[in-house]
Amino acid sequence: MNKFIRYTLPLLLALMPAMVSALNIRDLRYEITDTAIVFPESTQTDVHKLQHNWYLQNYTVLERETSPTAGDMSDETIIKNLQAIPTTIEMPFNSVVKNHIDLYVNRRRSLVEAMLGMSLYYMPIFEEALEREGLPLELKYLPVIESALNPDAVSRAGATGIWQFMLPTAKGLGMEVTTLVDERRDPVASSAAAAKYLKQLYGIFNDWGLAIAAYNCGPGNINKALSRAGASADNPKDYWQIYYYLPAETRGYVPGFIGATYAMTHYADHGISPSLARRPILTDTVHVNSRLHFNSISQILNIPVEELQVLNPQYRQRIIPGDIKPYALRLPSQLVYNYLLLEDSIIAESAKLAPRSVVDLSQQTQSSAGGSRDVTKWHKVRRGETLGSIARKYGVTERQIRRWNGLKSSKVARGRNLKIVVKEAVPEEPKPAPAADTQGQVDVVYEDPDQQPAEAEVSDAAEAAVAVVAGAEPSEADVRLADDPEPEYEEGAPQQAEPVKEAKPAPKTRIHKVSKGDTLYSISRKYGVTVQAIQKANNMSGSALSIDQRLKIPVK
């Protein structure tokens, strides 16, 4: 007994710290508990809205109905399934991990169902980026807890895109973020940046649990937690050993990653229906060197704007600023050849919506001497038009159009008639006699026939004049009355040769209806007049045209 106490007891006492440490590590990793779990913000995603995503509606179909219950949720089943996931990233089981697994496969089953459909398109993009950097492919499930696979997701803190990059981090990784382009929303560009960033984080901590946690809260917060936990070169700590020193959100981040990986891998074991591809979505890219609008691409290629947005979410205003530098446009593979054939038409159509690069003030200065008047016009919204494009056409703002028409948002239905009030210059003319006070008078021009006012008793010549102002094409009789007036005599009455003061004939005009591809230059060539003459006849200061617009063409 004395020999045991003398030789064995000191050895046991020497080994005790290591044994206790190993026990504590096991307790923390497998027995850890947390009564204040913070689930990822993405788990609150509006599933109804996500399920109405254009891609899910048109490219995927459920294999079967999802079961109403999650089935076997015993610890033994979950542990067995976790161990079956082929990964080098540690995925231990504990009560916190089980809570996250239960969240995905039980309480948010419909969210997993929707994400499985989105994964058919996004997961190959993620895998390619991770494989390029030599990283574990299971990291492809990080966007599940970051954004629920929504490229337009924006967190409460301002993190944006499918990988949820904060602006400083994105800029540091060389990503472009401007008013028109946000590469954080581009699945390809953001996946490449995320893979590089994760590789950098793993190089710092040499532990995937710490690297994944650092992706959420930044490497600075992880270093602070390691310091508070007493970590050192001789005493390294892992994620679970610094768990209680981490921010509340990050404490749920690694367990959330494990839960998402489990749900996206073993969904079938818990009665969640897999999504199948209704039809393959094969895409290719073309380089764009001109400013293009999604509406113009949609109109020429007959592709829904929603599909363009799904494939190119990085273009925030649905505008590709290719006139600044080349940009990539992702299209379904079968439309790439059509794009190359019709690129000139798309560029011409987009040019009509382009902002003015030069504003000539000389013409306005010359006409300002005569003052201006308000003219109310009515515009019928056509396919592909937006409030922005309509505002640019008439030289007004979107806010003004909303105010004139009582609109609460920028959305406007096709076929609606919008009230537009524009300023028109009034040339200075000598006034032969005082006229009635017309201050504040507003002239009304009805551009759409559906908005014509009730007919009044007017002469034929007056009706022809109104038709020309309204943009309608006059009949042959109207032209005869306007250009070659003839005196009328009462039947049976003697014709008296009374001296009549000859009126100065009005300039003759023709009406041209603008078709697709028309420009002021092509129209001027067609009628043998100058561009300036057409602009003057129609009170135009620029060269922008819209389809079905009616132009007065001076006749020589």
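Trainee: Where is asparagine 405 found?
Mentor: Asparagine 405 sits in helix α19, residues 398-405. Helices here are DSSP runs of H or I with at least four residues, strands are runs of E with at least two, and both are numbered from the N terminus. This is a predicted model, where local features need pLDDT of at least 70 and side-chain atom pairs count only at pLDDT 80 or more, while totals for chains, interfaces and linings use all residues. Residues are numbered from 1 along each chain as its sequence is written, and side-chain values use heavy atoms, with hydrogens and water left out.

Trainee: Thanks! Is asparagine 405 buried or exposed?
Mentor: Asparagine 405 is buried, because its relative accessibility is 13%. Buried means under 20% relative accessible area, exposed means over 50%, and partly exposed is in between, with a 1.4 Å probe and protein chains only.

Trainee: What does the side chain of asparagine 405 reach?
Mentor: The backbone nitrogen of lysine 419, at 2.7 Å.

Trainee: And which residues does asparagine 405 touch?
Mentor: Leaving out residues up to four places away in sequence, asparagine 405 touches Arg416, Asn417, Leu418 and Lys419. A contact means heavy atoms within 4.5 Å.

Trainee: New topic: how do helix α6 and helix α9 cross?
Mentor: The axes of α6 (residues 109-133) and α9 (residues 187-205) come within 9 Å and cross at roughly 40 degrees. Those axes are lines fitted to C-alpha atoms over the stretch in contact, and angles run from 0 to 180 degrees between N-to-C directions.

Trainee: Which residues make the contact?
Mentor: On the α6 side they include Tyr122, Ile125, Phe126 and Leu130, and on the α9 side they include Pro187, Val188, Ala192 and Lys199.

Trainee: How many of the contact residues are nonpolar, polar and charged?
Mentor: Nine are nonpolar, one is polar and four are charged. Ala, Val, Leu, Ile, Met, Phe, Trp, Tyr, Cys and Pro count as nonpolar, Asp, Glu, Lys and Arg as charged, and the others, Gly among them, as polar.

Trainee: Okay, aromatics next. How many aromatic pairs are there?
Mentor: The count comes to 14 aromatic pairs. Rings of Phe, Tyr and Trp (its six-membered ring) pair if their centres lie within 6.5 Å; planes under 30 degrees apart are stacked, over 60 edge-to-face, and the rest tilted.

Trainee: Why is the pair of tyrosine 197 and tyrosine 215 tilted?
Mentor: Their ring planes are at 50 degrees, so the pair is tilted, and the centres are 5.7 Å apart. Tyrosine 197 is in helix α9 and tyrosine 215 in helix α10 (residues 208-217), so the pair ties together parts 18 residues apart in sequence. Tyrosine 197 and tyrosine 215 are both buried.

Trainee: What about tyrosine 239 and tryptophan 240?
Mentor: Tyrosine 239 and tryptophan 240 make an edge-to-face pair, with 4.9 Å centre to centre and 85 degrees between the planes. Both of these residues are buried.

Trainee: Which residues form the aromatic cluster?
Mentor: Tyr55, Tyr121, Tyr122, Phe126, Trp163, Phe165, Tyr197 and Tyr215 form one cluster.

Trainee: Last one: what is the phi of glutamine 164?
Mentor: Glutamine 164 has a positive phi of about 55 degrees, although it is not a glycine. Most residues other than glycine have a negative phi. Glutamine 164 lies in the loop between α7 (142-147) and α8 (167-172), and it is buried, with a relative accessible area of 11%.

Note on methods: A polar contact is a pair of N or O atoms within 3.5 Å; within protein, one must be able to donate a hydrogen and the other to accept it, and residues adjacent in sequence count only if both atoms are side-chain atoms.
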